[in-house]
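Please consult the sequence and the model shown below while reading.

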Amino acid sequence: VYSFVYGDPGDDPIGTSRVNITKLGGEIAYFKKGGQIAEAKLDYEGALKAAKEALKQQGISSFRESYYVIGDNLCTINFSALAQPGSGLLSEDVTDVVCYPDLIKVTIELAEGGMMEYDASGYLMNHRERELAPPALSAEEAAENLSPLLTVQGSSLALIPTPGLDEVLCYEFRCTAEDGSQVLAYLNAENGLEEQLYLLQTDDHGVLVV
């Protein structure tokens with residue numbers, strides 16, 4: 001990338017702005033506007049609307065929001081691109097697949113809704129047309145491999161990264177445990193094996209996974 005800096009990081013790191021432009025294609029890979037926000041007028045829904053508009057201005061129109069965190073009058077929202085396979089790749093009732101490797105983070109200041117930070121590195125490095133084969137299992141068949149201690153609230157297809165820097169198509173099950181905690185379970189759409197399991201934490205500061 002070409003990195004452009006406004007301000008002196010040594011004298012005023014908070015007030016320094018930076019933008020990284022890819023040498024190939026001239027895309028914005030990273031942007032951060034310096035300064036602090038003194039107040040918050042917007043809630044999460046207002047920040048989400050502003051973040052979606054910022055993505056559309058970058059030419060990114062097919063995405064889904066997932067987790068977010070609010071702090072210091074800023075809201076950082078994670079987005080992932082949606083794969084929309086062509087005819088014959090997935091069953092007709094599947095309209096899209098969320099691709100978690102294609103990650104974009106957008107930070108919105110809650111005073112006026114301006115964009116303070118934009119990180120599209122994951123999206124630029126991973127996003128591409130994918131030939132996704134139809135799942136070997138239905139969601140109902142895959143759910144049979146879930147723990148009986150979990151109650152399924154909903155499911156969808158998701159492409160997730162693996163520790164070996166590969167990707168695997170999974171069913172993402174949104175579940176409730178016996179103690180009321182929220183759980184995300186990712187089961188392989190080919191063989192039903194559990195690939196990942198997360199606890200979903202929701203509070204006044206956002207929604208995160210652990």
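## The nonpolar cores

The largest nonpolar core comprises 30 residues, and those with the most contacts inside it are L55, I77, F79, I104, V106 and Y186. A nonpolar core is a set of buried Ala, Val, Leu, Ile, Met, Phe, Trp, Tyr and Cys residues joined through side-chain atoms within 4.5 Å. Buried denotes under 20% relative accessible area, exposed over 50%, and partly exposed the range in between (1.4 Å probe, protein chains only). At least two residues of this core come from each of helix 1 (44-57), strand 4 (63-71), strand 5 (74-83), strand 6 (97-109), strand 8 (151-161), strand 9 (167-176) and strand 10 (182-188). Helices (H or I, at least four residues) and strands (E, at least two) are DSSP runs, numbered from the N terminus.

Apart from this core lies another, of 19 residues, with L132, A139, A177 and V183 among them.

## Basis of the description

The model is predicted: local features need pLDDT of at least 70, side-chain atom pairs count only at pLDDT 80 or more, and totals for chains, interfaces and linings use all residues. Residues are numbered from 1 along each chain as its sequence is written, and side-chain values use heavy atoms, with hydrogens and water left out.

## Strand 6 and its partners

Strand 6 is mostly covered, with 11 of its 13 residues buried. Strands are taken to pair if DSSP finds at least two bridges between them. Strand 5 runs antiparallel to strand 6 and is joined to it by 10 bridges; here I77 stands opposite V106. Strand 8, in contrast, runs parallel to strand 6, with two bridges between them, and L159 of strand 8 faces C99.

Strand 7 (residues 115-119) pairs with strand 6 in the antiparallel sense over four bridges, and K105 stands opposite D119. These two strands form a hairpin with five residues between them, and G113 in the turn has a positive phi of about 85°.

## Residues in the loops

N73 lies in the loop between strand 4 and strand 5 and counts as partly exposed, at 23% relative accessibility. L165 belongs to the loop between strand 8 and strand 9; at 84% relative accessibility, L165 is exposed.

P148 is located in the loop between helix 3 (139-143) and strand 8. P148 is exposed, with a relative accessible area of 79%. The C-alpha atoms of P148 and E178 are separated by 9.7 Å, the two residues being 30 apart along the chain.
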